[in-house]
Amino acid sequence: MLDDTYRTLAAPVEGQYKEKGSKFLSFAFPVSTEEEAKALLCAKRKEYFDAHHHCYAYVIGADKETYRLNDDGEPSGTAGRPIHGQMMSFNLTDALVLVVRYFGGVKLGVSGLSQAYRAAAHDALAHAAIVEKTINEHFRLEFEYALLNDVMRLLKQYGIPFQDQQFGLQCVLRIGVRRSMVERVRTSFSQLRGVVMEEI
């Protein structure tokens, strides 16, 4: 059985952590692209322009293949890595976690910094609503109008929503199918003579 689900944030959430006068404000956002993550980072940098550091990690994609960590001037590995570590411990993707630091005048040291960024990220994620989503593969269905009822019956049977429909003598639908169901769905449609199912 293929693993065809992933966990992400249902909505933005905030947290914070204080240590020896330094204040760490944490923000977690659901994001689906690097561009979206960068736009949010840019907006937060402007909003908290007077903070000393804006450290973050983001992870994109159901397979967590795209990610970035940033220490923003903190000693290497003390900010981005512990933030990313918290995201992994919550098994999240399609998410951005930003921690904004206001320096309180007392240096925390490498281990103290790592702990502070980890705790700030954890505080936000511990308060987050986390949702499980399915990994879908997308297809184009093309068929004659006479087959419409048969096609709709199969879509309903498998609980598959459709979009971009064109109904005429030739009908076209776009569908998203859970990865683990693709072969079953493909087999069912192949048994309806005259239905073309193409991956897009």
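Modeller: Glutamate 47 is partly exposed at 46% relative accessibility, whereas lysine 44 counts as buried at 12%; buried means under 20% relative accessible area, exposed over 50%, and partly exposed in between, with a 1.4 Å probe and protein chains only. The model is predicted, so local features need pLDDT of at least 70 and side-chain atom pairs pLDDT 80 or more, while totals for chains, interfaces and linings use all residues. Residues are numbered from 1 along each chain as its sequence is written, and side-chain values use heavy atoms, with hydrogens and water left out.

The side chains of lysine 44 and glutamate 47 form a salt bridge, with an N to O distance of 3.1 Å. The term denotes a side-chain nitrogen of Lys or Arg within 4 Å of a carboxyl oxygen of Asp or Glu. Because lysine 44 and glutamate 47 are three residues apart in helix H1 (residues 34–47), about one helical turn separates them. Helices (H or I, at least four residues) and strands (E, at least two) are DSSP runs, numbered from the N terminus. By the stated rule, the count comes to 10 salt bridges.

Another of these pairs joins aspartate 164 to arginine 174, whose closest N and O atoms are 2.6 Å apart. Aspartate 164 belongs to strand S9 (residues 162–166) and arginine 174 to strand S10 (residues 170–178), so this pair ties together parts that are 10 residues apart in sequence. Both partners are partly exposed, aspartate 164 at 45% and arginine 174 at 30%.

In helix H5 (residues 182–190), glutamate 183 and arginine 186 are three residues apart, about one turn of the helix. Their side chains meet in a salt bridge at 3.8 Å, N to O. Glutamate 183 is exposed, with a relative accessible area of 52%, and arginine 186 is partly exposed at 30%.

As to the cysteines, a search of the whole structure finds zero disulfides, a disulfide being a pair of cysteine sulfur atoms within 2.5 Å. For cysteine 42, the nearest cysteine sulfur is that of cysteine 55, 16 Å away. Cysteine 42 is partly exposed, with a relative accessible area of 40%, whereas cysteine 55 is buried at 0%.
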